[in-house]
Amino acid sequence: MAARLGSTVPRVYTPPLRPLEPRSEETERWTLGYQVCDFAEHVLRMPLLPWQQWFMVHGLELLDDGSFRFKTLVLLVARQNGKSTISLVLGLYALYVLRWGTVLGVAQGLDTAEEILDLASELVTATEEDDDGEEQPLRPWLADQVAKVVAINGKRALLLRGRRRWKVKAASRAAARGFSGDLILFDELREQRNWLAWGAVTKSTMARPHALILAMSNAGDVMSVVLKQLRRIAHLALGDPDGICELTPLEKYALAADDAAADEASADTVFLAEWSAAPGRAKGDRAGWCEANPSLGYLIDERTVLGAYQTDPEWVFRCLDVATPTLTRRGCVPMGDIAVGDQVKGVNGEWVNVVGKSPVHTGRTCYRVTLNDGRSVVCDEGHLWTVSDRRRPGRVETLRTSELIDRGVTYYNPSMGYDVRNFTLPKVEPLDGPEVDLPVHPYLLGLWLGDGSKHAAMVFVEARDRAHIERRIVECGGTVTTSAKDSENCYRIGFQVGGYGRFTGALRALGVLKNKHIPDIYLTASREQRLQLLQGLMDSDGTIHKKTGRSTFTNTDMRLIRGARSLVRSLGWKTSELDGGEYGKRGHKLRFDVSFTTRPDDMLPATLPRKLANLRASRSRRDVRPATIARIETVPSVPVCCIKVDAPDSLFLAGDLIPTHNTEVLCQWPDGAIESPYPPGTWDACANEPVDGPSGPRLADEDTLAGPLVAAIDVTDDKSRAHVVIAGYRADGRPQIEHRASRVGTHWIEGYLSSPEVERRLTCVTGQERGAPVSAVLADLRASDDFTLPVVEWGGQDMLNSYTDFFALVTSGRLAHNAQPGLDAPASMAATRRLGGVDVIDRRGSPCDASPLIAAVGAVWLLDHQPVVEIRDPIPPPPKVGVVGGADGGSREVSLLTMSF
């Protein structure tokens with residue numbers, strides 16, 4: 001039977017104004033695509049696949065005056081089908097044939113944009129040996145025009161003669177600042193959660209009449225704001241073939257959340273070519289494979305897709321042992337306990353969102369995959385791994401566990417004379433994140449864990465280190481209380497932190513008193529805090545070897561050693577396998593080592609001068625290269641499950657920071673993968689229903705606030721936007737919340753709350769008192785002589801109780817609110833985290849702006865905790881409008897029923 005081929009023509013696309021196929025003198029007049037295909041085949045020597053040719057021909061359609069019909073080309077196709085080739089060919093054609101001045105590659109992850117640029121640079125500078133054995137340009141016409149290839153100091157650029165250039169930028173609001181672009185290659189469009197980066201990049205083309213934007217992506221989700229709007233524009237012009245054009249309130253919020261950038265595109269300027277599986281197709285539907293994978297039968301082997309989706313959902317074939325500990329913001333959590341809304345670490349060191357969770361499966365064939373440094377994880381036969389195959393240099397592939405076994409984990413290398421490991425995993429960057437509020441200073445905890453008394457605030461140090469350690473204790477907020485000789489070369493140092501018994505009390509609360517280990521909260525702390533913890537460990541029980549410069553932490557407690565190994569790896573250093581050896585007069589105890597070597601210009605793993613004197617940064621690639629797979633062994637079957645993350649590369653860290661994979665092949669949009677913080681339907685049940693009025697929908701009289709109001713403020717995690725939510729009581733006694741203001745930055749808050757029309761109805765204001773972006777704003781309000789409203793403290797147990805009370809109000813239907821997207825979005829999809837035994841809204845971990853919902857919780861709490869104050873003016877009639885931030889930073893008034901932010 002003939003091999004199944006992917007669809008050349010996309011399932012959904014913008015039709016041409018006139019026939020563009022087959023190729024003829026007439027059709028060549030109306031498209032530049034045929035010239036691009038010729039350029040790819042005859043100049044670049046890389047013929048395009050049928051679907052790629054179709055895209056070029058139809059996407060580069062010309063008008064009567066010879067200009068491009070479309071300003072924006074949207075390419076939607078499943079991963080690993082050849083989007084990179086489209087970018088590569090179009091970018092080089094623009095530079096060499098059209099002689100455009102600037103090609104700009106943009107992606108959420110800079111590595112993605114750099115990869116295409118590197119391919120382009122390698123292609124135009126490639127050489128081959130002539131008959132005399134001398135290197136000659138493989139493509140002389142291309143090479144002769146190269147002025148310089150920049151690949152230093154973390155920068156990438158291809159510079160051609162005539163001031164032509166190809167540069168790359170990470171997607172951000174500053175991505176295209178400072179220059180105009182002719183061709184924008186915008187990859188990973190699904191990752192754009194707001195219009196900031198898109199608006200900045202597209203504005204760089206305004207001065208170029210012939211400019212073109214190529215936007216590429218796999219299928220998105222509910223928060224893929226830019227991709228969703230561009231796709232909707234094209235579908236709307238086609239009669240809404242998939243039924244996606246009717247927007248929900250949540251989608252309206254997402255699309256209108258930032259500025260007018262969403263309105264700049266239109267059906268006249270947007271070309272869509274969408275290779276995706278039709279809605280409702282099953283994962284194993286072969287027709288869906290062809291619809292979403294146009295390279296099927298050319299680049300993609302049907303056997304690979306068949307193996308993954310033959311009978312079961314995709315989750316079955318990419319699962320890990322449910323007991324696999326995985327680092328989340330909640331600490332190390334078994335894979336089976338991870339939930340949608342959690343965050344796990346990606347290989348770039350940043351947190352990524354969990355947007356899907358599989359069922360638990362049993363009876364699968366399972367394997368233990370062990371790395372060269374001793375780490376291991378149990379997975380099923382279909383779990384996916386992104387690897388570099390040593391026998392296929394330059395290629396990065398995503399393979400199932402069974403395919404790794406078929407290829408051979410090791411092979412005999414005749415030139416080396418021994419077996420070598422075949423598969424290398426992706427490099428894992430040092431984990432990073434914001435500082436967290438730790439109960440014990442990380443350096444003091446590390447010092448105590450290494451050489452401290454199990455039950456007291458006391459450490460044992462060598463006599464020669466005494467002065468340095470005492471000074472470090474004081475620098476970390478402690479007070480030395482005793483310092484006495486314990487033996488000839490050892491001193492016993494007692495100390496306090498914040499008063500007698502507080503240090504040991506904090507240790508007891510952490511669960512480490514008489515039970516030494518590294519608590520999870522310290523493994524999820526910032527990079528600097530984790531480094532301080534390691535420095536404490538190394539200053540106490542660490543050694544930096546004089547001969548090799550290699551750092552080693554030694555201890556007899558296996559649990560502490562395992563934590564130290566994870567700590568070192570989280571900082572980006574490669575560690576050894578766990579080495580054990582007997583010590584003591586009778587050799588009756590085992591000690592274990594964690595060894596690692598630092599890189600040039602790296603962080604200092606210790607602070608003791610005598611240890612740092614032995615430190616020599618490694619320049620050997622062997623010490624720092626990524627992990628390899630050492631062996632794969634069959635194990636008894638265990639329950640397995642997996643998660644789906646929103647990382648651009650689909651990678652996350654499982655087990656002891658092992659990079660592992662999940663992916664999509666059908667290019668289908670998920671339906672509601674993210675869970676609500678409240679039971680289904682309860683939030684919507686609390687919404688006020690508008691009634692018809694002379695001028696359109698309005699609030700019913702019973703749905704308006706009749707008395708004094710309170711306000712709560714909250715600020716986004718990056719401090720880019722602030723929100724004000726008010727609360728009050730209705731005539732029927734129910735509490736009601738309204739999202740009243742949302743603007744860029746925080747500078748406007750005092751002026752807004754002090755304005756006469758707002759201030760005269762407010763009695764007080766609140767916000768999270770400590771450890772939140774809004775905390776500094778509250779301090780400024782208290783310090784201001786011009787701000788007269790009381791600022792009520794909200795924090796500690798009061799804050800935890802308020803989340804419990806707010807949840808009860810929502811689930812019981814006693815809370816009232818208007819249908820406002822600013823509140824409806826986080827109430828539908830905000831993530832939660834466990835704090836003090838209570839589920840609180842996770843501002844940083846949510847896939848949308850959760851700040852308005854946090855402010856709503858604070859405002860409802862303040863209703864019952866407001867100070868008694870005299871209202872300065874008579875209470876006016878309930879307002880029918882709310883004041884919100886305008887695009888220019890000013891204010892504008894809109895109906896409370898239709899306002900969006």
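Reader: In which order do the 9 strands of the open sheet with β1 and β6 stand?

Author: The order is β1-β11-β2-β10-β9-β3-β8-β7-β6, and the pairing is mixed. Strands (E, at least two residues) and helices (H or I, at least four) are DSSP runs, numbered from the N terminus. This is a predicted model, in which local features need pLDDT of at least 70, side-chain atom pairs count only at pLDDT 80 or more, and totals for chains, interfaces and linings use all residues. Residues are numbered from 1 along each chain as its sequence is written, and side-chain values use heavy atoms, without hydrogens and water.

Reader: What makes β1 and β6 edges of the sheet?

Author: β1 (12–13) and β6 (146–152) each have a single partner strand, so one side of each is left without a neighbour in the sheet.

Reader: How do you know that β6 and β7 pair?

Author: Two strands pair if DSSP finds at least two bridges between them. Here 6 bridges join β6 to β7 (residues 155–160), so the pair qualifies. The two strands run antiparallel. V150 has A157 in β7 as its bridge partner.

Reader: Which strands does α3 touch as it packs on this sheet?

Author: Helix α3 (residues 50–59) touches β1, β2 (72–76), β10 (212–217) and β11 (270–274). Its direction makes about 165° with that of β11. Helix α8 (residues 225–237) also packs on the sheet, touching β1, β2, β10 and β11. The direction of α8 makes about 95° with that of β11. Axes are lines fitted to C-alpha atoms, for helices over the stretch in contact, and angles run from 0 to 180 degrees between N-to-C directions.

Reader: What makes the contact of α3 with α4?

Author: W51, Q52, F55 and M56 of α3 meet T85, I86, V89 and L90 of α4. Contact means heavy atoms within 4.5 Å. By class, there are 6 nonpolar, 2 polar and no charged residues. Ala, Val, Leu, Ile, Met, Phe, Trp, Tyr, Cys and Pro count as nonpolar, Asp, Glu, Lys and Arg as charged, and the others, Gly among them, as polar.

Reader: Why is α17 called oblique to α18?

Author: Helix α17 (residues 527–541) packs on helix α18 (residues 558–570) at an angle of about 130°. That value belongs to the rest, so α17 is oblique to α18. Their axes are 10 Å apart. The crossing of α17 and α18 is left-handed. R530, L533, L534 and L537 of α17 make the contact with A564, L567, V568 and S570 of α18. The classes come to 6 nonpolar, 1 polar and 1 charged.

Reader: Why is β28 called largely enclosed?

Author: Buried means under 20% relative accessible area, exposed over 50%, and partly exposed in between (1.4 Å probe, protein chains only). In β28 (residues 551–555), 5 of the 5 residues are buried, so the strand is largely enclosed by the rest of the structure. In a regular strand the side chains alternate between the two faces of the sheet. S551, F553 and N555 are buried on one side of β28, T552 and T554 on the other.

Reader: What joins β27 to β28?

Author: The link is 3 bridges, and β27 (residues 542–544) and β28 run antiparallel. I544 stands opposite S551. The hairpin has 6 residues between the strands, and its G549 takes a positive phi near 75°.

Reader: Which residues of α2 are buried?

Author: In α2 (residues 33–43) they are G33, Y34, V36, C37, F39 and A40. Their cover includes α1 (25–28), α3, α4 (83–96) and α6 (140–143).

Reader: How many strands form the open sheet with β42 and β43?

Author: There are 6, in the order β42-β41-β38-β39-β40-β43, with mixed pairing. β42 (791–794) and β43 (816–817) are the edges, each with a single partner strand, so one side of each lacks a neighbour in the sheet. Strand β41 (residues 762–768) pairs with β42 in the parallel sense over 4 bridges. Q768 has W794 in β42 as its bridge partner. Helix α24 (residues 775–783) lies across β38 (709–715), β41 and β42, at about 150° to β42.

Methods
Angles under 35 degrees count as roughly parallel, over 145 as roughly antiparallel, 65 to 115 as roughly perpendicular and the rest as oblique. A crossing is left-handed if the near helix is turned anticlockwise from the far one by less than a right angle, and right-handed if clockwise.
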